[in-house]
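Take a look at the fold below. Keep the sequence beside it as you read.

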Amino acid sequence: MACDLTLGRAVPCKDVVGGINKVFFINYDDLGTVQLSSDDSISNISGTFTAYEYDVKGNSSFEQTINSSRENGTTFFTQTLNLTLTKLTKQDNKQLKLMAYGRPQVVVQDYNGNAFMMGLNYGAEVTGGTIVTGAAMGDLSGYTLTLEAQEQLPANFIDGATVANPFAGLAGAVETIVVGSNS
């Protein structure tokens, strides 16, 4: 049967840390053909694309929820990205508006060198957020965003990803990584 288990799992070493350090936004449908390996990880992308890099730290997180219904015979994965972006700028206002209007595909990179593609088939939607000035001197002046994707598979690992380059395993796929300014 196609849904029979094929591996067990031992208790792993305690050599990882939590948290994400970067996200890369890709305009929906710019990826070209994505090739998945037998373990559902992304092994290659045939097209070239531009990735827009956002550095994050602290309150940002990525999680996936398994949604399975015995009654309906369905299973899907809800991928949720929560971002906290410090400092308000007019340039960020415009980019976040465009992000909310679109449905980008998102590569999430964690501190362990893993990179995951969120919204591979259907894109990710901005489902909420705030633009906040704060009240006290030490409060957040910036943005909070929540993006959500619903996919048939969990967010796909990208083969060969490293802390230095989340796209390292994809031969020639990334045309440009646009790094934001510190305005």
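The model is predicted: local features need pLDDT of at least 70, side-chain atom pairs count only at pLDDT 80 or more, and totals for chains, interfaces and linings use all residues. Residues are numbered from 1 along each chain as its sequence is written, and side-chain values use heavy atoms, with hydrogens and water left out.

**Strand β7**

Helices (H or I, at least four residues) and strands (E, at least two) are DSSP runs, numbered from the N terminus. Buried means under 20% relative accessible area, exposed over 50%, and partly exposed in between (1.4 Å probe, protein chains only).

Two strands pair if DSSP finds at least two bridges between them.

| Strands | Sense | Bridges |
|---|---|---|
| β1 (residues 20-26) and β7 | antiparallel | 6 bridges |
| β7 and β8 (residues 115-118) | antiparallel | 4 bridges |
| β6 and β10 | antiparallel | 10 bridges |

Phe25 stands opposite Val106 in β7. Val107 stands opposite Met117 in β8. β7 and β8 form a hairpin with 4 residues between them. In its turn, Gly113 has a positive phi of about 90°.

**The cores**

A nonpolar core is a set of buried Ala, Val, Leu, Ile, Met, Phe, Trp, Tyr and Cys residues joined through side-chain atoms within 4.5 Å. The largest one here has 21 residues. Val23, Leu81, Leu83, Val106 and Leu147 have the most contacts inside it. Two or more residues each come from β1, β6 (74-86), α1 (90-101), β7, β8 and β10 (142-151). The largest share, 4 residues, comes from β10. Another core, of 15 residues, lies apart from this one; among its members are Leu31, Phe49, Val107 and Ala161.

**The open sheet**

Which strands form the open sheet, and in what order? The order is β5-β6-β10-β9, with antiparallel pairing. The edge strands are β5 (61-69) and β9 (125-132), and each pairs on one side only. The twist averages 15° from one strand to the next. In β10, Gln150 is the bridge partner of Thr78.

Key:
Axes fitted to C-alpha atoms, helices over the stretch in contact; angles between N-to-C directions.
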